[in-house]
Amino acid sequence: MYVAVKGGERAIENAHRLLAHERRGDRDVAEVSLAQISEQLSLAVDRVMSEGSLYDRELASLAIKQARGDMIEAIFLVRAFRATLPRFGATEPVDTGRMAVRRRISSTFKDIPGGQILGPTFDYTHRLLDPQLAEGHVPEPPATAEASPAAMPRVTDILGRDGLIEPSPQADVDTPVGDLTREPLSFPADRDLRLQNLARADEGFLLALGYSSQRGYGRNHPFAGEIRFGEVEVEFFAEDVGFAVPLGAITLTECQMVNQFKGSATEAPCFTRGYGLAFGQSERKTMSMALVDRTLRARELGEEVVAPSQDEEFVMSHSDNVQATGFVEHLKLPHYVDFQSELGLLRKLRREFEAADASPPMQEAAE
Amino acid sequence: MNAPAYNFAYLDEQTKRMIRRAILKAIAIPGYQVPFASREMPMPYGWGTGGVQVTAAILGPSDVLKVIDQGSDDTTNAISIRKFFAKTAGVETTTSTADATVIQTRHRIPEAPLHAGQVLVYQVPIPEPLRFLEPRETETRRMHALGEYGLMHVKLYEDIARFGHIATSYAYPVKVNARYVMDPSPTPKFDNPKMDNCPALQLFGAGREKRIYAIPPYTRVVSLDFEDHPFTRYRFDAPCALCAADDSYLDEIITDDQGSRMFVCSDTDYCEGRQAQGHRGTESAAPHKEGAHG
């Protein structure tokens, strides 16, 4: 006797209970705290904030804990929460030129006003596993000095003074910046929407696309003009008081790529820009983003679109890991009825094939 | 940390208004895909976020909601979505097709005829019927605008040339109101005729692809075909093993590793209704028990 499969409701509840148990792990091992995640897995928190599009270290830490360290799951949790938040307005544009810099390097000039500042970086570490770190290691306190009073102008601004690089496009104050989380995306998309898409895009996807452009698929000869990381002030123009009020500071990484020059009969040749910006210390992300921002400008700069990284519909439609993972993983959902329909068709075609095989050869069908 | 509080049916009222505007436009232009600013929902893209957003936007406190997946009220994703609305909207839920005012579905149209006043909300993975012929949205939108559907007919013709039949068994394209070619979502083509002249409002939501489209009540919906190769439904030629129905779409159930199989209604509400009326198939069915095979 057959009894139809039932009991989904209890199965789901039990699966969730088991998941919570597995998340906790061995109960003899101390539970990880949000502060520990935020302080000691800070780059993971930075990534979840960036791709989750929500600057909140505590919620990002909670998401990482809840997702058992699965970054895309954590990003998804943050995004779903963010989608429910009301909008009060948009802040003034942040000025990264006035960043309180913790790290700032340029690969285009040996020395720059304000100097090269290595800051906290994996660069030049030898990637040897450090057994000391396994337990109870107290690192030396960092070396400190007085902050330099010198200004740190952006390298691209220095190039811009001589007209060697295209000017940054000036914002039109009357045109609000696009927001693809509030308006459906349509193509062709302008650079504001492209940059928003790239800022939310999966780091691995951008890394691979940027890398492909370096290897010749849409090559544009990039130099890391400048990468800077530190705190910037966020200000909000309050209608009630009539001036911008400070809301606080956020940590950002900015990458400005300097790319191959272009010119024409009417324009002197100059370098072009690729731009990357992300929350926290996210250098791989911002560098990849800057490479892809530049490749996606192919249409605007009159370059032939030949590679995936130059194709905005391809890049923007597939860069979002929350969308991608949802659709890939939805294959786990039942597809019984469609599969049954395909089975029926396939059986019919096979029957006809066998019948045709068994019968004597027919004359060529007239088309 | 502030504990988040959620609105009736989860979405905020601003978002609901935006979705309702898209739905109204979709109803005004049957079969046309209206872009909307799909939100991140607390379930993954590809798991019904479009349908969930449409349902959330149209649901009122007095609605009675039914959710099915593969025709069944008891598949895990249907349960999950039903629980979501029971929790966030507190609406009454049902498994009865006749009693529901809103039915959210994935991959099936109920066997029982829908009646006026009901809304059928489809979950749609890929709303663009031309997508597999032309991957670019810019291109497919142009093709729809010009009514340029030759490519689709060529595809169907090539199927006939190669296989002797149109080799599309689900998500079978239809023409709505003699204008737009539309993807009915991955329902088996068995269900296509139910869309035609249907008294209920049919709404389609694609969350990841950010599109909503609609078939207003009593609208002509025609499955694409050729005069010499007319559209045919597929149904495994057997009565349901539980309720002996010979007009319902059947699931194939593998019963052992020796190739034994049986065929039962995919629409569980329909099957149970028939059994309650005394119809019996070859397999005498026990009353369904929670967890019997779960």
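Two residues are taken to be in contact if their C-beta atoms, placed from the backbone, lie within 7 Å. The structure is a predicted model, in which local features need pLDDT of at least 70 and side-chain atom pairs count only at pLDDT 80 or more, while totals for chains, interfaces and linings use all residues. Residues are numbered from 1 along each chain as its sequence is written, with chains lettered from A and ligands numbered from 1 in the order in which they are written.

Between the two chains, 47 residues of chain A are in contact with 61 residues of chain B. On the side of chain A that touches chain B, α12(A) gives the most, with 11 residues, helices (H or I, at least four residues) and strands (E, at least two) being DSSP runs numbered from the N terminus.

Chain B itself contains seven helices and 12 strands. Its radius of gyration, taken over C-alpha atoms, is 20 Å, close to the 19 Å that the globule rule (2.2 Å times the number of residues to the power 0.38) gives for 294 residues, so chain B is as compact as a globular protein of that length.

Within chain B, five of the five residues of strand β5 (residues 119–123) are buried (20 or more other C-beta atoms within 10 Å of the residue's own, placed from the backbone), so this strand is largely enclosed by the rest of the structure. Strand β5(B) pairs (at least two DSSP bridges) in the parallel sense with β4(B), residues 102–106, over four bridges, and also in the parallel sense with β8(B), residues 201–206, over five bridges. B:Y122 of β5(B) stands opposite B:T105, and its bridge partner in β8(B) is B:F204.

Terms used:
A residue is buried if 20 or more other C-beta atoms lie within 10 Å of its own, exposed if 12 or fewer, and partly exposed in between; C-beta atoms are placed from the backbone.
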